[in-house]
Amino acid sequence: MTTKRSDGRRRVIIEGITPQVDCGLFPAKRTAGDEVRVEADIFTDGHDAITASLLAHREGSDEWTEIPMHPLVNDRWEASFRVAELGRYGYKVQGWVDHFETWRRDLLKRIKAESDASVDYLIGAELVAEAATRALGGDAVWLRERAAVLRSAKTASELRIHATDPMLHELVLRYPDKRFATESNPELTIVVEPVRARFSSWYEFFPRSSSEKPGAHGTFADCEKRLPYIAEMGFNVVYLPPIHPIGRTFRKGRNNNPEAQPGDCGSPWAIGAKEGGHKEILSDLGTVEDFKRFVAKAGDLGMSVALDIAFQVAPDHPYVKVHETWFKKRPDGTIQYAENPPKKYQDIYPFNFETEDWEGMWVELKSVFVYWIGMGVTIFRVDNPHTKAFPFWEWVIAEIKRDHPEVLFLAEAFTRPKIMYRLAKLGFSQSYTYFPWRNGKHEITTYLTELAQTPVREFFRANQWPNTPDILTEFLQMGGRPGFVIRLLLAATMGANYGIYGPPFELQENRPVKHGSEEYLNSEKYEIRHWDLARPDSLREFIAQVNGVRNENQALQNDWSLKFHSTDNDQLICYSKESDDRSNLLVMAVNLDPHHSQSGFITLPLDELEIPQDRSFEAEDLLSGERYLWQGLRNYVELNPSIRSGHILKIHRRMRVETDFEYFL
């Protein structure tokens, strides 16, 4: 092995840097304004002191910010930097043997033992003189003078005073000797996205079902009228299924009937007809200008519009004729439609990502995103991304974010964990999860802990949905109104990102197309529905209350603080969240049983939550307004689902005593 001599003198070892995703192959994720805490194992041979620093910069800038690192325990060091702007940041760690710090540390020990000798100060003088050669201006002059003093001082007390002068220590550290510094490699990366990537409340609805007139096809004008209703419930993302022309060939009928009847409107995910494809709007909904007004109105109400991107086509899509090679052909010459045997989707053709013209196809698919960004859309919910080539997603997301770092991508990938995680590493901002099917205490605790408290969280942001147009779980089918309340409480308080498919959710639609199915009866995927939003049994007000709590409490706007706490009843689940500065602490207790009252004691780790053990503390229910006086580790909870299924408790850590008031003075 050939090694430069200087390399052999780089004695500091740097390992175990966090955050780091797959040895730096992929970036970690943060949102604008976040503080990025970087840790690393840093050590050297022997007993010399070492110094370390964190270097950070915005991608494309040659200006690096250097932040001193501080030792923790067992050779672990840490430092932090703040990411203020969208885009990419790079960071790396430096470490070097600090001979001056070693000398000063040992000198202090010798002074304490009264074993310091004149030669010790001569060694220090050399180190200070070397620092003077690296210093600038007046600092260099002052350091040269200090070196001379250390060489010429006559008395031990004089030498000790000058050698231990804090200003000398500060100035030498300002000009470190980094000739043999070790620098971590490769440079690691952080992708910084809008805060909405970390905290969002989604509401999905079908535009064609938005008309106030039963049976009429909804328009964007009708959607505009629906927006205040959604905003009043506290949502900040409005998500629309595909809004494009729908294919007529092999169009699906009601309840997924393979044979459509006259008047059936088909599935919005069967994209494309003679009127156009992914860059056109279904004429029944309105025009491009109507859509832009809808987006603007949502923005006025504090909401972003998310649009569904489904990279698949109906047999009528113009791509089929113009780019025939983009699709697989069977031996009989027909194009291969989508299948998941025994299910057949004759109304959809998947793209062939092994086509000879893959580059041309990639460019065209990218242009779909670019087009809708031009229409004011900055959030895309991507349909089944796991059925498209991973290299495509890595390329297209990087391309889009290079020019539009404000754009977010939600992956609708209900598939195996490693695939979901890979998509997140490739750039998807958020992902659907297995939350709809996690109903028991143990499975909820295990799964959510994995997402919130393991290295997965560095790249994977969960978006928790209790229902979707494809998913009506058995829990919702059989849980009645309390079942919907329970699942909303869990999704909205466990997940900083969550969403519901409405109006079926707030109106507690729970009829499956058949027993054992998760498909809705009379699903909006295949027909227009009319919804009575003013129904007295609607969960609208409850949803607004829960979202209000989310919007007012920083604790619910992050996932990383989620921690579960012990209960003596497996039908009761308890967990807490707190803000980054720990000033806002919420404790949630939820009855997982939609049919029966459940009670028991919850145990809180008071020391960990910084709650005094020797005083009472107040638990304020942000849903009911009730206040409870709790004391000690264990406190009693009883929840009747016919009255309330859960508590969102704001913890006031310290109750006031007489010494807090003026009259005590």
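This is a predicted model: local features need pLDDT of at least 70, side-chain atom pairs count only at pLDDT 80 or more; totals for chains, interfaces and linings use all residues.

Reply: Residues are numbered from 1 along each chain as its sequence is written, and side-chain values use heavy atoms, with hydrogens and water left out.

Me: How many helices and strands does the chain have?
Reply: Helices (H or I, at least four residues) and strands (E, at least two) are DSSP runs, numbered from the N terminus. On that basis, the secondary structure comes to 16 helices and 29 strands.

Me: What percentage of the 665 residues of the chain count as buried?
Reply: The C-alpha atoms fill a box of roughly 105 × 75 × 40 Å along the principal axes. Buried means under 20% relative accessible area, exposed over 50%, and partly exposed in between (1.4 Å probe, protein chains only). Of the 665 residues, the buried share is 53%.

Me: Which share of the contacts with a separation of 6 or more comes from residues 24 or more positions apart?
Reply: Contact means heavy atoms within 4.5 Å. Among contacts in the chain with a separation of 6 or more, residues 24 or more positions apart account for 74%.

Me: Is S53 buried or exposed?
Reply: S53 sits in strand 4 (residues 50-58). Apart from residues up to four places away in sequence, S53 touches E66, I67, P68, M69, K92, V93, Q94, W96 and K178. Its relative accessible area is 2%, so S53 is buried.

Me: With which side chain does the side chain of S53 make a polar contact?
Reply: A polar contact is a pair of N or O atoms within 3.5 Å; within protein, one must be able to donate a hydrogen and the other to accept it, and residues adjacent in sequence count only if both atoms are side-chain atoms. The side chain of S53 makes one at 3.0 Å, and the partner is E66.

Me: Why is strand 7 (residues 76-82) largely enclosed by the rest of the structure?
Reply: Two strands pair if DSSP finds at least two bridges between them. Strand 3 (residues 35-43) pairs with strand 7 in the antiparallel sense over seven bridges, and E35 has R82 as its bridge partner. Strand 6 (residues 70-71) also pairs with strand 7 in the antiparallel sense, over two bridges. Strand 7 is largely enclosed because its buried residues number five of the seven.

Me: Which residue in the turn between strand 6 and strand 7 has a positive phi?
Reply: H70 stands opposite E78 in strand 7. Strand 6 and strand 7 form a hairpin with four residues between them, and the positive phi, about 55°, belongs to N74.

Me: Where is N522, and is N522 buried or partly exposed?
Reply: Most residues other than glycine have a negative phi, and most peptide bonds are trans. N522 is not a glycine, yet has a positive phi of about 55°. N522 is in the loop between strand 21 (497-501) and helix 16 (540-552). Its relative accessible area is 24%, so N522 is partly exposed.

Me: What is the relative accessibility of R582?
Reply: R582 lies in the loop between strand 23 (572-578) and strand 24 (585-591). Phi of R582 is positive, near 70°. R582 counts as partly exposed, at 26%.

Me: Which residues does a cis peptide bond join, with omega about 5°?
Reply: P19 lies in the loop between strand 1 (13-18) and strand 2 (28-31). P342 is in the loop between strand 15 (338-340) and strand 16 (343-345). The bond with omega about 5° joins P341 and P342.

Me: What separates the C-alpha atoms of A310 and A40?
Reply: A310 is in the loop between strand 13 (304-309) and strand 14 (312-313). A310 is buried at a relative accessible area of 1%. Beyond its neighbours within four places in sequence, A310 is in contact with W269, I271, H278 and D383. A40 is 270 residues apart from A310 along the chain, and their C-alpha separation is 41 Å.
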